[in-house]
Amino acid sequence: MTLQTQRELGPLNTLALPGRAARFARIANADALRDPALASGPRFILGGGSNLVLSGDVDRLVLHMAIPGKHLVGEDAEAVYVEAGAGENWHDFVQWTLAQGWPGLENLSLIPGTVGAAPIQNIGAYGLEVGERLQSVTAWDFERQAFVGFNRDDCRFGYRDSRFKQEGWHLSGRMAITSVLFRLPKAWQPNCRYADVAQELAARDIAEPTARDIADAVIAVRQRKLPDPAHMPNAGSFFHNPVVAAAQADALKAAHPGLPCYPQPDGRVKLAAGWLIEQAGWKGRSLGPVGMYEKQALVLVNHGGATGHDVKQTMAAVQASVREKFGVALTPEPIFL
């Protein structure tokens, strides 16, 4: 491990926003976190940078988690257990599990980022959240100077939420996830309940899909809807789908019959943020170098040369438009640093 100073972070965040880290270290081995040089001062744990808005220079130690490795830990009558290092690319890991004949993560194909960041956000797509497949997490606790483990219940998963966010560890840098253990059930059932995936499978004339078929369908749908950060910098879905009281959802549905609504177990209703943004006139619209993607209004994109300030301006304008038209508050998904 080598400590660097004034490291440019633009290439390490998918929005390609400029900013320098006062101190920076690339962590390719979990034991490197024991180094006393990392123990004090403010820290930020950086994964793939796909869920990050960089506001400018960062006056703290940035630890770029790049721990590799993936392997089968074991199996029982009900599941196989697979572990991956925090630095593994998430999509590549999912495709590797499928290639080994271990289905279960296919609905989460092509989500950007790293394995270590996945539990923090409890990433999810097309009817599956990573918390449903997670067995445990191993992390380095800088306060205790020890490795600690969290089982699935310990992680307190919620919609795009986890204990790592609830406790503020993702911002304070207290915890650095080093590896994640997944439980992939042997009694696999296809999850095709999302219309986009079902329609893609139907277009391919696939009535009884395999996990590979579902992964291919998800990849095709995402590639049509979402820009590649390598060609158009973005942070994926920029806003949470808002969850509102049933009465508010009923009133909105009556006024706007096309509004997609998804009842939740607690009686509330989840609304489609992308639909709200599009109806508010922001699909394909920009404010300076930042705008909402022309094919998917939920995705905020950097058309070139944007700063964190530009992102915040566009975000605030979109939030104001949706609030004025629908009376609904949108909350951003990314971390602001």
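Biologist: Where is A16 found?
Modeller: A16 is found in the loop between β1 and β2. Strands are DSSP runs of E with at least two residues, helices are runs of H or I with at least four, and both are numbered from the N terminus. The model is predicted, so local features need pLDDT of at least 70 and side-chain atom pairs count only at pLDDT 80 or more, while totals for chains, interfaces and linings use all residues. Residues are numbered from 1 along each chain as its sequence is written, and side-chain values use heavy atoms, with hydrogens and water left out.

Biologist: What is the phi of A16?
Modeller: Phi of A16 is positive, about 55°, although A16 is not a glycine. A16 counts as partly exposed because its relative accessibility is 36%; buried means under 20% relative accessible area, exposed over 50%, and partly exposed in between, with a 1.4 Å probe and protein chains only.

Biologist: And Q6, which strand is that in?
Modeller: Q6 lies in strand β1, residues 4–8. Its phi is also positive, near 50°, and Q6 is not a glycine. With a relative accessible area of 44%, Q6 is partly exposed.

Biologist: Moving to F24, is it buried or exposed?
Modeller: F24 is buried, at 1% relative accessibility. F24 belongs to strand β2, residues 20–27.

Biologist: Which residues does F24 touch?
Modeller: Leaving aside residues up to four places away in sequence, F24 touches T2, L3, Q4, R7, L9, L12, L61, V62 and H64, where contact means heavy atoms within 4.5 Å. The C-alpha atoms of F24 and R7 are separated by 6.3 Å, with the two residues 17 apart along the chain.

Biologist: How many cavities of 30 Å³ or more does a search of the whole structure find?
Modeller: The search finds one. On a 1 Å grid over the protein atoms alone, a cavity is a set of points where a 1.4 Å probe fits but cannot get out, and a pocket is an open set with protein on both sides within 12 Å along at least five of seven lines; lining residues have an atom within 4 Å of a point. The volume of the largest cavity is about 40 Å³, a volume being the space filled by probe spheres set on the points, which are joined across faces, edges and corners.

Biologist: What lines the largest cavity?
Modeller: Its lining consists of L9, L12, N13, F44, L46, L52, L54, V62 and L337.

Biologist: What about the second largest pocket, what is its volume?
Modeller: The volume of that pocket is about 210 Å³. It is lined by 13 residues, of which Y159, N241, P242, V243 and R268 are the closest to its centre.

Biologist: V243 again: which residue stands opposite it in β16?
Modeller: K270 stands opposite V243. Strands β14 and β16 (residues 269–271) pair in the antiparallel sense over two bridges; a pair needs at least two bridges found by DSSP. The open sheet of three strands has the order β14-β16-β15, and its edge strands are β14 (243–244) and β15 (261–263).

Biologist: Which strand is joined to β10?
Modeller: β10 (residues 134–141) is joined by six bridges to β11 (residues 146–151), and the two run antiparallel. A139 stands opposite V148 in β11. In this hairpin, with four residues between the strands, Q145 has a positive phi near 55°.
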